[in-house]
Amino acid sequence: MVYVTRRVNFSAAHRLFNPTFSEEKNEAIFDKCNNFFGHGHNYIVDVTVKGVPDPETGYVIDLKKLKALLEEHILSKVDHKHLNFDVEFFEGIIPTAENIAVTFWKEIEHKIPQGTLHKITVFESDNNYVEYYGEPIEIPKHDVRYSIDKEPFLNS
Ligand SMILES: [Zn+2]
């Protein structure tokens, strides 16, 4: 087996909270990512496909095709969006890096034209990243939309 990886980037806003927690608990657990008005990250996503190189091309998968697939099914939907509100496949999902990796997997697993999806890595920052290898996981749904009913400039 050979493992081939394509790296892509996107920028998006989110707010992490669980509507069943108190404000204090959300703040304690999600910290900066709980910022009331949301905030952004520059995400890096590595998508790894495994397979045997094609005898005629030497490719496990044509990386141009993988890039185009990621652009169509993921990046065009999440780049410069708010993950709590704008993206259909994140509806009801607390948009942690973990849940982003699992959700992206479900979106592209069956669309990979050659080889098989092996791993999705999501970097939320230089130091924090998650890896997902496709073991079945059900993500519980919560209402992660929120209304802006708080006075601005009072957070500090
Ligand atoms: Zn965050």
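With which residues is L63 in contact, once its neighbours within four places in sequence are left aside? In this predicted model, for which local features need pLDDT of at least 70 and side-chain atom pairs count only at pLDDT 80 or more, totals for chains, interfaces and linings use all residues. Residues are numbered from 1 along each chain as its sequence is written. The residues in contact with L63 are V4 and R6, a contact being defined by C-beta atoms, placed from the backbone, that lie within 7 Å of each other. L63 and V4 are 59 residues apart in sequence, while their C-alpha atoms are 8.3 Å apart in space. L63 itself is found in helix α2 and counts as partly exposed because it has 13 C-beta neighbours inside 10 Å; under the criterion applied, a residue is buried with 20 or more other C-beta atoms within 10 Å of its own, exposed with 12 or fewer, and partly exposed in between, C-beta atoms being placed from the backbone.

The protein comprises 3 helices and 5 strands, where helices (H or I, at least four residues) and strands (E, at least two) are DSSP runs numbered from the N terminus. Read from the N terminus on, the elements follow the order β-α-β-α-β-α-β-β. Taken along the principal axes, the box filled by the C-alpha atoms is roughly 65 × 30 × 25 Å. Of the 156 residues in the protein, 22% are buried, and among contacts between residues at least 6 apart in sequence, 72% join residues at least 24 apart.

Helix α2 spans residues 63–78 and bends by about 45 degrees at E71, the bend being the angle between axes fitted to the seven residues ending at a residue and the seven starting there. Its buried residues include L66, L70, I74 and V78. An α-helix has 3.6 residues a turn, so residues three or four places apart point the same way. The packing partners of the buried residues of α2 are the strands β1 (2–14), β2 (39–51) and β3 (81–82), together with helix α3 (97–108).

The packing of α2 against α3 occurs at an angle of about 115 degrees, with the axes 10 Å apart; here axes are lines fitted to C-alpha atoms, for helices over the stretch in contact, and angles run from 0 to 180 degrees between N-to-C directions. The crossing of the two helices is right-handed, a term used when the near helix is turned clockwise from the far one by less than a right angle, with anticlockwise giving a left-handed crossing. L69, H73 and I74 of α2 and F104, E107 and I108 of α3 make this contact. These residues divide into 4 nonpolar, 1 polar and 1 charged, where Ala, Val, Leu, Ile, Met, Phe, Trp, Tyr, Cys and Pro count as nonpolar, Asp, Glu, Lys and Arg as charged, and the others, Gly among them, as polar.

The largest nonpolar core contains 22 residues, and those with the most contacts inside it are V45, V47, V49, A101, F104, I120 and V122; such a core is a set of buried Ala, Val, Leu, Ile, Met, Phe, Trp, Tyr and Cys residues joined through C-beta atoms within 7 Å. At least two residues of this core are supplied by each of β2, α2, α3 and β4 (116–123), and the largest share, 5 residues, comes from α3. With neighbours within four places in sequence left aside, A101 is in contact with I120, V122, V130 and Y132.

H82 lies in strand β3 and is partly exposed, since 17 other C-beta atoms lie within 10 Å. Not counting residues up to four places away in sequence, H82 touches A13, H14 and G38, and its C-alpha atom is 8.5 Å from that of R15, 67 residues apart in sequence.

Note on methods
Two residues are in contact if their C-beta atoms, placed from the backbone, lie within 7 Å.
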